[in-house]
Structure formats: structure tokens, C-alpha cells
Amino acid sequence: MGLMELVDPAKALKGRPQKMQVDKEHYVLKTPMEGPWPENMKVCVFANGCFWGSEKGIWRLPGGGIYSTAVGYAASVTPNPTYEEACGGRTNASEAVQVVYDPAKISIVDILRWFWEAHDPTCGMAQGNDSGTQYRSGLYYFDEEQRLLFEASKAAYEKALQAAGRGRGSKITTEIVAAKDFDSIFYYAEDYHQQYLAKPGARPYCSAQPQQVSLPPFESWAPPELREKHAPKLPDAFWKEHSPKPHCVIRSPNEPIVMSNM
């Protein structure tokens, strides 16, 4: 069990300037693990519990829109923390996923829907059997459009959970924080954590607690000025067949989902 409250940054671990070394190539997608990214790509960072399963769910999204994924430590006041340091609670890091995606092929709203539906965002400093500040839910925005979409979807999903009577808590506890508030919003985790569930000998573990409650239709909560630009690209057929369910990432193949109608 980790700490259940964030620490005063003045009392956090000092960290190090050396970044974590990771393989050059994504184990599944065979794309670069680090930037610079192609000009047409966008980046988002989120945290929703143990990062092993969180990453796999995203790299499997269909349509070729996911260019690269990585796991690491977000919102850390300690530069380049280690896994042991993040678990110790004196870095304020959350276990996070960095997603590099092509907005022409997949919308950030599709990624956001998977984020919400793949965990229980009402758990505070915990997810499933895991507890500690590193397991908290978080969305980290890089621009104003991301902030608006994150906040609007949070309000919509909270109402949906309440209406369904689901969630450990009564309200969503997901933090929504500006990436610019940190020297670096994302630090890569150790290489053995990258695409962990796809590697030989991986322990089939994921603490995520999908509530099997759908994010309401985009049109019902989207800021009017963003409805056309960020309209979802994954069809309803995808969500009917592949929406997050308990242990779904453990039981699923490693390769991205292929849908004939896309």
C-alpha cells in the first residue's frame, strides 16, 4: 500500500536528470517509442490505475490511429522517478499512459471514452486492489480544447455513473491538470514496464475496475464549438463488441483490433 495523500513538493524526492532508457521500437506496433513525432500526430496523457492494462487497451484501438503508446509517471514533482520511488509515494507521480495518435484516424474523444469506461474513476487514491497516490485517476491537458473536453466528459460520466448506481464512490475523483504546470508532465517508466502485458512471461494482472457504464453520446455533452472537430470516429459497433469489461485486456490478443467496417 502506498501513501494516500500527495506530499508537499518540498519534501518530495529529488530525482535525477537522466531519463529512463527504453527500447527504440514499440514492442507491438513497431513504431518509435520516443519523439520527435510526425507533425500530424497529437499527444494525450492519462492515468487510470495500473498502467500495464491501461496501455494495452489503448494500443489495441482499431483504425490505425494509435501511432505509439508508452507507460510512465505523470504529474511527478520528482524528475525521472523509478518505479520503486513512485510506489513509495514521495514523488506525487501517477501511473500513466502517453498516447501518440493521428486525429485524422481516431478522435481524442474515442480515447477519452475508453479512458472513462476502462476504470472506476470514483476511487480516489486507489483502483481495484491497488491503493496509493500512484493509482489515482488523472487527465493531463496540453491545450484548451483538451481541457474543455476532459471537463465536459467528466461531468457527463459522473451523471451516468450516478444514474446507474455504479462506482465505489459517489463522485468522480479524477484530477484534470495542465501539463504546463510541470517541468515535464510525463516521465518514461522502466523498459520492462513498456507494453508489459504483450511480453513473454508477463504476469496477467490488471487492477482496473470497468463499471460497464457507457459515456453518454458525444452530442449530449460536447462543447458546441468542438462538436465537429472532435466528433468520434470509432463506430457504435466497436463499442457494442469491445467496450471495456473486467479483465478484458488480460484475456484479449496483443494485436490491435481489426474491424471490417472501418
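In this predicted model, the residues I108, V109, L112, W116 and E117 of helix α3 meet Q146, L149, F150, S153, K154 and Y157 of helix α4.

Two packed helices are described by the angle between their axes and the distance between the axes. Here α3, which covers residues 108–117, and α4, which covers residues 144–164, pack at an angle of about 40°, with their axes 11 Å apart. The crossing of the two helices, α3 and α4, is right-handed.

Helix α3 itself is mostly covered, since ten of its ten residues are buried. Among them are the charged residues D110, R113 and E117, as well as W114, F115 and W116. At the start of α3, a side-chain oxygen of S107 reaches to within 3.0 Å of the backbone nitrogen of V109.

In the loop between β2 (66–74) and α2 (83–88) lies N80, whose phi is near 50°, a positive value in a residue other than glycine; N80 counts as buried because its relative accessibility is 10%, and buried means under 20%. Q195, in the loop between β8 (186–188) and α5 (218–221), also has a phi near 50°, and Q195 is buried, with a relative accessible area of 2%.

Note on methods: Residues numbered from 1 in each chain as written. Predicted model: local features only at pLDDT ≥ 70, side-chain atom pairs only at ≥ 80, totals over all residues. Heavy atoms only, no water. Buried < 20%, exposed > 50% of the residue type's maximum accessible area, 1.4 Å probe, protein only. Helix = DSSP H or I, 4+ residues; strand = E, 2+ residues; numbered from the N terminus. Polar contact = N/O pair within 3.5 Å; in protein donor to acceptor, adjacent residues only side chain to side chain. Axes fitted to C-alpha atoms, helices over the stretch in contact; angles between N-to-C directions. Left-handed = near helix turned anticlockwise from the far one by under 90°. Contact = heavy atoms within 4.5 Å.
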